[in-house]
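This report describes a protein model for a reader who has not seen it before. It takes up the sheet, a helix and the aromatic side chains in turn.

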Amino acid sequence: PPLDKDVEEVVRAYFRGFEREDREALAALLTQDATPLGRAGSRQQLIDIFTVKMRSYEYQKLAGTQIARIAQIEKRTYDSFAAPGAPSRPPTMRAGDLYVRVPVILPRVGGEQLFGDVVVFLLRREDGRLKIAGEADETGN
């Protein structure tokens, strides 16, 4: 389906942006109202988080590797959070948004934690394209 292709395209572009340490490419993936998921913040704060990560770690080490488990992406719609036993819906999620959990194959290189074990995105259509309205890392214990 086209939506699956769009989701995959955004996810690949996100990881490619880090691999190339391309702040502008990552910023272009964000909606105008994008925020870090799970905490208050702004689009600029999310861009600043990306920038700090790129200054702190050598993401170029990931060049030529598969970073995410694309075939194992989990997707939830706004309405699926209303089902009994479902997790809590992110407060910034709107009808029409898509909540996406992406398992990461290489969250670490050496001792460097580059990503969480799972990267979570809140995806939203803006200007006719699917973009990132929220992002967070999840790391298991």
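## The sheet

Five strands form an open sheet with mixed pairing, in the order E1-E7-E6-E3-E2. Strand E1 (30-36) and strand E2 (74-77) are the edge strands, each pairing on one side only. On average, neighbouring strands of this sheet are turned by 20° against each other, direction ignored. The model is a predicted one.

Within the sheet, E6 and strand E7 (residues 129-138) run antiparallel and are joined by 9 bridges. Val-118 stands opposite Glu-138 in E7.

## Helix H3

Helix H3 covers residues 43-56, which makes 14 residues. From its first C-alpha to its last it reaches 20 Å, close to the 20 Å expected at 1.5 Å a residue.

The buried residues of H3 are Leu-46, Ile-47, Phe-50, Thr-51, Lys-53 and Met-54. Seen down the axis of H3, these buried residues fall within an arc of 160°, so they line one face of the helix.

## Aromatic pairs

The structure holds 12 aromatic pairs. One of them joins Phe-15 and Phe-115 edge-to-face, with 5.0 Å centre to centre and 75° between the planes. Phe-15 lies in helix H1 (residues 2-19), while Phe-115 lies in the loop between strand E5 (112-113) and strand E6 (118-126), so this pair ties together parts that are 100 residues apart in sequence. Phe-15 is buried, at a relative accessible area of 5%, and Phe-115 is buried as well, at 1% relative accessibility.

Tyr-57 and Tyr-59 also form an edge-to-face pair, with 6.4 Å centre to centre and 80° between the planes. Tyr-57 counts as partly exposed, at 28% relative accessibility, whereas Tyr-59 counts as buried, at 0%. Both pairs belong to a cluster in which ring pairs link Tyr-14, Phe-15, Phe-18, Phe-50, Tyr-57, Tyr-59, Phe-115 and Phe-121. Phe-50 of this cluster is also one of the buried residues of H3.

## Charges over rings

Two arginines are placed over aromatic rings. The charged end of Arg-89 sits over the ring of Tyr-78, at 3.6 Å from its centre. Arg-76 lies over the face of Phe-81, and here the distance from the ring centre is 5.1 Å.

Notes: Residues numbered from 1 in each chain as written. Predicted model: local features only at pLDDT ≥ 70, side-chain atom pairs only at ≥ 80, totals over all residues. Heavy atoms only, no water. Phe/Tyr/Trp six-rings, centres within 6.5 Å; stacked < 30°, edge-to-face > 60°. Helix = DSSP H or I, 4+ residues; strand = E, 2+ residues; numbered from the N terminus. Buried < 20%, exposed > 50% of the residue type's maximum accessible area, 1.4 Å probe, protein only. Lys NZ or Arg CZ within 6 Å of the ring centre and 35° of its normal. Expected span 1.5 Å × (residues − 1). Arc of directions from axis to C-beta. Pairing = 2+ DSSP bridges. Axes fitted to C-alpha atoms, helices over the stretch in contact; angles between N-to-C directions.
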